[in-house]
Amino acid sequence: TVVAKQVLIGIGILFVVNGLIIAGLRLGRAIPASFGWLAPVFLTLGVVGTLTAWFGLQAGRRRPLAVLALLYVPWTIVGLIGDTRQGYWPLVAGEALGLVAVVWALATIMRSERR
């Protein structure tokens, strides 16, 4: 379960990094203003997810798992669909791997708590 928790923390950090990259690209005018709303969303999801995984995952607590599932899974699926439509295949591969990692980590923690 330690590795699963680290995976969830890592995914949160990736969301933060994505937010910083988007903010930097927006400030540098390398992407259109219509993408500007994504930076604070990714930063918020990443910070909340990282803190939830870091501090919230204590034995027997289900609410943090639900919070992490709601933070990570829908946004990863949205990104996966959008990047598939645009043909960004390296991003699609990374997001698919990330989705598998999140589901694996959540399932691993849930299984360990049942014992």
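What covers the buried residues of H3? In this predicted model, the cover includes H1, helix H2 (38–56) and helix H4 (89–114).

**View 1. Helix H3 and its buried residues.** H3 comprises 24 residues, which at 1.5 Å a residue should span 34 Å; the end C-alpha atoms of H3 are 35 Å apart, in agreement with that expectation. The buried positions of this helix are Pro-64, Leu-65, Leu-68, Leu-71, Tyr-72, Val-73, Thr-76, Gly-79, Leu-80 and Asp-83. Among the elements that cover them are H1, H2 and H4. Just after H3, Gly-87 adopts a positive phi of about 75 degrees.

**View 2. Helix H2 and its buried residues.** H2 contains 19 residues and extends 25 Å from its first C-alpha to its last, close to the 27 Å expected at 1.5 Å a residue. Buried residues in H2 are Leu-38, Ala-39, Phe-42, Leu-45, Gly-46, Gly-49, Thr-50, Thr-52, Ala-53 and Gly-56. These buried residues pack against H1 and H3.

**View 3. The packing of H2 on H3.** The axes of these two helices come within 10 Å and cross at roughly 150 degrees. Because angles over 145 degrees count as roughly antiparallel, H2 is roughly antiparallel to H3. Their crossing is left-handed. From H2, the contact draws on Leu-38, Val-41, Leu-45, Val-48, Gly-49, Thr-50, Thr-52, Ala-53 and Gly-56; from H3, it draws on Pro-64, Val-67, Leu-68, Leu-71, Tyr-72 and Trp-75. By class, 11 of the contact residues are nonpolar, 4 are polar and none is charged.

**View 4. The crossing of H1 and H3.** Helix H1 (residues 2–27) and helix H3 (residues 63–86) have axes that come within 12 Å and cross at roughly 55 degrees. The two helices are therefore oblique to each other, and their crossing is left-handed. Leu-8, Ile-11, Gly-12 and Phe-15 are the H1 residues at this contact, where they meet Leu-68, Tyr-72, Trp-75 and Thr-76 of H3. The residues of this contact divide into 6 nonpolar and 2 polar, with no charged residue.

Definitions and conventions. Residues are numbered from 1 along each chain as its sequence is written. This is a predicted model: local features need pLDDT of at least 70, side-chain atom pairs count only at pLDDT 80 or more; totals for chains, interfaces and linings use all residues. Side-chain values use heavy atoms; hydrogens and water are left out. Axes are lines fitted to C-alpha atoms, for helices over the stretch in contact, and angles run from 0 to 180 degrees between N-to-C directions. Helices (H or I, at least four residues) and strands (E, at least two) are DSSP runs, numbered from the N terminus. Angles under 35 degrees count as roughly parallel, over 145 as roughly antiparallel, 65 to 115 as roughly perpendicular and the rest as oblique. A crossing is left-handed if the near helix is turned anticlockwise from the far one by less than a right angle, and right-handed if clockwise. Contact means heavy atoms within 4.5 Å. Ala, Val, Leu, Ile, Met, Phe, Trp, Tyr, Cys and Pro count as nonpolar, Asp, Glu, Lys and Arg as charged, and the others, Gly among them, as polar. The expected span of a helix is 1.5 Å times one less than its number of residues. Buried means under 20% relative accessible area, exposed over 50%, partly exposed in between (1.4 Å probe, protein chains only).
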